[in-house]
Amino acid sequence: MTAPASAPRGPFRFGDRIQLTGPKGRLHTITLKDGGELHTHHGVLRHRDLEGLPDGSVVANSGGHEYLALRPLLRDFVMSMPRGAAIVYPKDAAQIVAQADIFPGAVVVEAGVGSGALALWLLRGVGAAGRLTSFERREDFAEVARANVETFLGSVPENWTLEVGDLVERLPQAVEPASVDRVVLDMLAPWECIDAVADALAPGGVVICYVATATQLSRVAEYIRQTELFTDPEASETLVRGWHVEGLAVRPDHRMVAHTGFLLTARRLAPGAVLPEQKRRASKSSYSDEDVELWTPGAVGERQITDKNLRKRVREAQRAAAGARQAAAEDAAHEHVD
C-alpha cells in the first residue's frame with residue numbers, strides 16, 4: 001500500500017508545488033513545470049530558475065524583484081485551495097487530530113468531506129497502515145475534495161475511500177460492526193448519524209463532532225447522552241490569537257481567529273456497560289418539541305453556495321489536480337531521459 005504522503009524535502013523538482021512570497025508579502029502558489037513561467041506586473045519568473053534549488057531559497061525575476069521559495073505546508077494549501085464547502089480550519093483540524101487521538105494505522109470514518117481539507121489531515125494522521133473512509137452527500141462537493149487531495153498528494157491514496165451518499169445508509173455496507181477506531185462528523189445534523197456510528201465503532205472508539213452553533217452542540221450532546229452507549233460528551237472551542245513580536249514591541253495582534261466551531265467528543269462504551277451517572281439521570285428528554293424547532297437547518301444557519309459558484313470551484317480544483325498529474329508525468333519523463 002502506498003503512503004498517503006511523503007515527507008517533502010530536498011531540492012525543488014518539476015512537479016513540486018512551490019509557495020512564492022513576493023514584494024509586499026503577496027503569495028503565489030505554483031506547480032513547477034519545465035518551460036513554465038510566473039507572470040506578474042513585477043516581471044517574469046521562470047520555473048527552471050527554481051529547479052534544483054534547496055527549499056527556502058530566494059530568487060529574482062526578470063524585473064529584479066526577489067521571491068522567497070518554500071514548499072507550502074499543509075495549512076497553507078488548505079487555506080488557498082478551491083472550496084465547494086466551508087473547510088475545517090487548521091486550528092480545529094489540529095484539535096480534531098489530538099482530541100480524537102488519530103494514530104498511525106487507525107481505521108477512521110469521516111462525514112462530510114466538504115472540500116477535502118480535513119481528509120488531508122486525517123490521511124496524514126493514519127499513515128500508510130491506516131485507512132480513511134469519507135462520506136459526502138453531494139457529488140459536486142466530492143469532486144472538489146477528490147481533486148484537492150490529488151493536487152496536494154500527487155495522486156489519490158490507496159488507503160482513502162470517498163463514498164458519495166448518506167452515512168446512515170452507506171456505513172453499514174462500508175465497514176464491519178465494531179471495526180472503526182474513530183469517527184469524525186462535520187455536518188449540519190450529526191445526531192442523525194449517532195446510531196449508525198455507535199454500531200460501527202469498536203469499544204473505546206472515539207466519535208468527534210464539529211458543529212458551528214450552540215444549538216447544534218446542545219442537540220448532539222443530548223442525543224449522545226440519551227443513547228446510553230457513550231461516555232458523557234465533552235465540548236470545547238479553540239481560539240487562536242497571534243502576537244506581534246519585534247524587539248521590545250511585544251503585544252497581541254489586533255485581529256485573531258476566534259470562533260469557527262465547537263468540538264464535542266465521546267467514547268463508545270463496551271456492550272452492556274452503563275455509566276454510574278447515567279443510572280441517576282432521568283430518562284425523560286431534556287428538551288421539548290419547541291426546542292427542536294430551534295435546531296432546524298434554517299435556524300442553525302445553514303449556508304448555501306450557488307450552483308454557478310460551485311461549478312467554478314469544481315473546475316478550479318480539477319484543473320489543479322490535472323496540472324499536478326501533468327507536471328509529475330513530465331518530471332518522470334525527464335528523469336527517464338537523464
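**Cores, strands and salt bridges**

Reply: Leaving out residues up to four places away in sequence, L120 touches L74, F77, V78, V149, F152 and L153. Please keep in mind throughout that this is a predicted model.

Me: Which element gives the largest share of the largest nonpolar core?
Reply: The largest nonpolar core has 34 residues, and those with the most contacts inside it are V78, L118, L120 and W160. Elements that give two or more residues to this core are α1 (74–80), α2 (90–99), α3 (117–126), α4 (139–153), β9 (160–164) and β11 (201–211). The largest share, eight residues, comes from α3.

Me: In β6, which residue is the bridge partner of V58?
Reply: Strand β5 (residues 57–60) has S57 and V59 on its covered face, whereas V58 and A60 are on the uncovered one. The strand runs antiparallel to β6 (residues 66–70), and four bridges join the two. Within β6, the bridge partner of V58 is L68.

Me: Is L68 buried, partly exposed or exposed?
Reply: L68 lies in strand β6, and together with V58 and L70 it forms a nonpolar surface patch with about 220 Å² of accessible area. Buried would require under 20% relative accessible area and exposed over 50%. The relative accessible area of L68 is 32%, so L68 is partly exposed.

Me: Which residue takes a positive phi in the hairpin of β5 and β6?
Reply: The hairpin has five residues between its two strands. The residue there with a positive phi, near 85°, is G64.

Me: How many residues apart in sequence are the parts that the pair D55 and R71 ties together?
Reply: The closest N and O atoms of the salt bridge between D55 and R71 are 3.4 Å apart. D55 lies in the loop between β4 (43–46) and β5, while R71 lies in the loop between β6 and α1, so the pair ties together parts whose separation in sequence is 16 residues.

Me: What is the distance between the closest N and O atoms in the salt bridge of E222 with R225?
Reply: Both residues lie in helix α7 (residues 214–227), three residues apart, which is about one turn of the helix. E222 counts as buried, at 18% relative accessibility. In its salt bridge with R225, the closest N and O atoms are separated by 2.9 Å.

Me: How far apart in space are A212 and H259, C-alpha to C-alpha?
Reply: A212 lies in the loop between β11 and α7, and at 42% relative accessibility it counts as partly exposed. Leaving aside neighbours within four places in sequence, A212 is in contact with H259, T260, G261 and F262. Although A212 and H259 are 47 residues apart in sequence, their C-alpha to C-alpha distance is 8.6 Å.

Methods: Residues numbered from 1 in each chain as written. Predicted model: local features only at pLDDT ≥ 70, side-chain atom pairs only at ≥ 80, totals over all residues. Heavy atoms only, no water. Buried < 20%, exposed > 50% of the residue type's maximum accessible area, 1.4 Å probe, protein only. Pairing = 2+ DSSP bridges. Patch = residues over 30% accessible without salt bridge, like charges linked within 9 Å, V, L, I, M, F, W, Y side chains within 5 Å. Areas by Shrake-Rupley, 256 points an atom, 1.4 Å probe, with all protein chains shown as cover. Salt bridge = Lys/Arg side-chain N within 4 Å of Asp/Glu carboxyl O. Core = buried A, V, L, I, M, F, W, Y, C linked by side-chain atoms within 4.5 Å. Contact = heavy atoms within 4.5 Å.
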